[in-house]
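Here is a friendly walk through one protein model, with a look at its charged pairs and its strands. Please have the sequence and the 3D view at hand as you read.

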Amino acid sequence: KIDILLISETKFNKSFPLNQFEIEGYFTPFRLDRDKHGGGIILFVREDIPAKILNEHQTQHDIEHFFIEINLRSKKWLISCSYNPNVTFIAKHLDHVAKGINFYSTKYDNFIFLGDFNAETTHPSIEEFCVTYGLRSLIKAHTCFKSPLNPTCVDLILTNHPKSFQNSNVYE
């Protein structure tokens, strides 16, 4: 019963054929590969939710990110999917995403940002990004347990319409 599923740090490259990731009931996934040493994202969207990749805003080679459009209940949503490998890059990462939002802002009123940001919502760059675009985090639970004594929430779902969502959860 998952509508949209983003998996980050896939470590896929072109040697993994796309059809091996097809799941019944979902479109062929949207995918951005890096290499076996890290990174990579793959997005699954339920097949009854119209979705398409947006290519007008070109991604930088060092930023793992893409935009898609979905249509839900006759509303168009801009979905940002990304992986930021290190907190030290978060300002640059969000700057790139912001340029895309500004590019697409005349076409979309509804935004969702999915990804492993490797920074919490309390990080100054994320706080500023959320204030600028009127975003709230749907994920409140810890998502990263690199330090069992100090878990963090770095895998985020941010949106400017939080009341449009139910059951945004973290699953082990």
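Let us start with a charged pair: the side chains of Arg46 and Asp3 form a salt bridge at 2.0 Å, N to O. The term salt bridge is used here for a side-chain nitrogen of Lys or Arg within 4 Å of a carboxyl oxygen of Asp or Glu. This pair links distant parts of the chain, with Arg46 in the loop between β3 (41-45) and β4 and Asp3 in the segment before β1 (4-8), 43 residues apart. Helices (H or I, at least four residues) and strands (E, at least two) are DSSP runs, numbered from the N terminus.

A word on the source: this is a predicted model, in which local features need pLDDT of at least 70 and side-chain atom pairs count only at pLDDT 80 or more, while totals for chains, interfaces and linings use all residues. Residues are numbered from 1 along each chain as its sequence is written, and side-chain values use heavy atoms, with hydrogens and water left out.

**Salt bridges**

How many salt bridges does a search of the whole structure find? The search finds 4, and the table shows some of them, including the pair above.

| Pair | N to O distance |
|---|---|
| Arg46 and Asp3 | 2.0 Å |
| Asp33 and Arg31 | 2.8 Å |
| Lys99 and Asp95 | 3.5 Å |

For accessibility, buried means under 20% relative accessible area, exposed over 50%, and partly exposed in between (1.4 Å probe, protein chains only). Arg46 has 26% relative accessibility, so Arg46 counts as partly exposed. Asp3 is partly exposed too, at 36%. Asp33 has a relative accessible area of 25%, and Arg31 has 21%.

Lys99 and Asp95 both belong to helix α1 (residues 90-104); because they are 4 residues apart there, about one helical turn separates them. Lys99 is partly exposed at 47%, and Asp95 is partly exposed at 41%. Elsewhere, salt bridges that share partners join Asp3, Arg46 and Asp48 into one network.

Is strand β5 largely enclosed or open? Of the 9 residues of β5 (residues 64-72), 7 are buried, so the strand is largely enclosed by the rest of the structure.

Strands count as paired if DSSP finds at least two bridges between them. β5 pairs with strand β4 (residues 51-54) in the antiparallel sense over 4 bridges, and Lys52 has Glu69 in β5 as its bridge partner. β5 also pairs with strand β6 (residues 75-83), again antiparallel, over 9 bridges. There, Phe67 has Ser80 in β6 as its bridge partner. The hairpin of β5 and β6 has 2 residues between the strands, and in this hairpin Arg73 takes a positive phi near 45 degrees.
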